[in-house]
Amino acid sequence: MTSAFLSGTLIAQISSRPTIPEKSKQMLTRIAGGVLAVSYGFVPSMSQAPNTLLVREWQTAYGRGVAAAPPLALVSTFCYFYLSYSLSFTLNHHKGEMYALAAIATGSIVPFTLVCMKTVNGKLNSKVEKSKGLHRSEEMNESKDKKGDSSQELLNRWAVLNFTRGLLPFAGACLGFYASFFMTS
């Protein structure tokens, strides 16, 4: 009786553990939620700050995002590709194709950042460099900047691009969710 109870408990523990798609979706929803929250919550709240403080706070938020999001996105991408590969030689290859699409959507956050956001990130980083030596309440002189290159305008452009970028892992999570729960095995 004890061994049957223990084996039943062990099976219950194993079956209650999150599977690869569940873990991957959890990571993706955290990435997407974090990225979208920055665009929706952080950027508008910083619009009243002096431009020196604004770019420094952007740099802090950006640094945290760079440290957290790419590794999580790569792990999720790998998990989806693994699921896709494991199903590719079975009768359930359509589900594998959906996991491949989830992997592509998730992994595209990195090239999107490097290609589409490079210019805005570079300009904001140069503003951060200009702000070093100024007190955070002092305004940087932006009178010589081209139209559209003020700190506030750059941050608003970055917020739109960041929101778009956040939709990529969200799409991956939706595709993975659909494959996991609505496609027949």
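**Confidence**

I began with the confidence of this predicted model: the protein chain averages a pLDDT of 81, and 83% of the residues score at least 70. pLDDT is the predictor's confidence in each residue, on a scale from 0 to 100. In this predicted model I use local features at pLDDT of at least 70 and side-chain atom pairs at pLDDT 80 or more, while totals for chains, interfaces and linings take in all residues. I number residues from 1 along each chain as its sequence is written, and side-chain values rest on heavy atoms, with hydrogens and water left out.

I then looked up the start of the chain. Over residues 1–18 pLDDT stays under 50, and the model has three contacts there beyond four places in sequence (contact: heavy atoms within 4.5 Å). Where pLDDT is low, predicted coordinates should not be read in detail.

**Overall make-up**

I found seven helices and zero strands in the protein chain. Helices (H or I, at least four residues) and strands (E, at least two) are DSSP runs, numbered from the N terminus. I noted the order from the N terminus as α-α-α-α-α-α-α. Of the contacts between residues at least 6 apart in sequence, 80% join residues at least 24 apart.

I checked burial next: buried residues make up 37% of the 185 residues in the protein chain. Buried means under 20% relative accessible area, exposed over 50%, and partly exposed in between, with a 1.4 Å probe and protein chains only.

**Cores**

I looked up the largest nonpolar core and found 17 residues in it. Such a core is a set of buried Ala, Val, Leu, Ile, Met, Phe, Trp, Tyr and Cys residues joined through side-chain atoms within 4.5 Å. V43, V55, W58, L124, L155 and W158 have the most contacts inside this core. Two or more residues come from each of α2 (20–46), α3 (51–87), α6 (118–131) and α7 (151–181). α7 gives the most, with five residues.

I followed L155 and found that it touches V43, M46, L54, W58 and L124, leaving out residues up to four places away in sequence. Apart from this core lies another, of eight residues, including L87, M98, Y99 and A179.

**Helix α5**

I turned to α5 (residues 109–116), where I109, F112 and T113 are buried. Seen down the helix axis, the buried residues of α5 fall within an arc of 100°, so they line one face (the arc is that of the directions from the axis to the C-beta atoms). An α-helix has 3.6 residues a turn, so residues three or four places apart point the same way. On the face of α5 turned away from its buried side I noted the exposed residues L114 and V115.

**Cysteines**

I counted zero disulfides (a disulfide: cysteine sulfur atoms paired within 2.5 Å). C79 is buried at 15% relative accessible area, and C116 is partly exposed at 39%.

**Aromatic pairs**

I counted seven aromatic pairs. Rings of Phe, Tyr and Trp (its six-membered ring) pair if their centres lie within 6.5 Å; planes under 30 degrees apart count as stacked, over 60 as edge-to-face and the rest as tilted.

Y85 and F89 pair edge-to-face, 5.7 Å centre to centre with 90° between the planes. I found Y85 exposed at 55% relative accessibility and F89 exposed at 70%.

F177 and F182 also pair edge-to-face, at 5.8 Å and 65°. F177 is partly exposed at 40%, whereas F182 is exposed at 54%. I noted one aromatic cluster formed by F177, Y178, F181 and F182.
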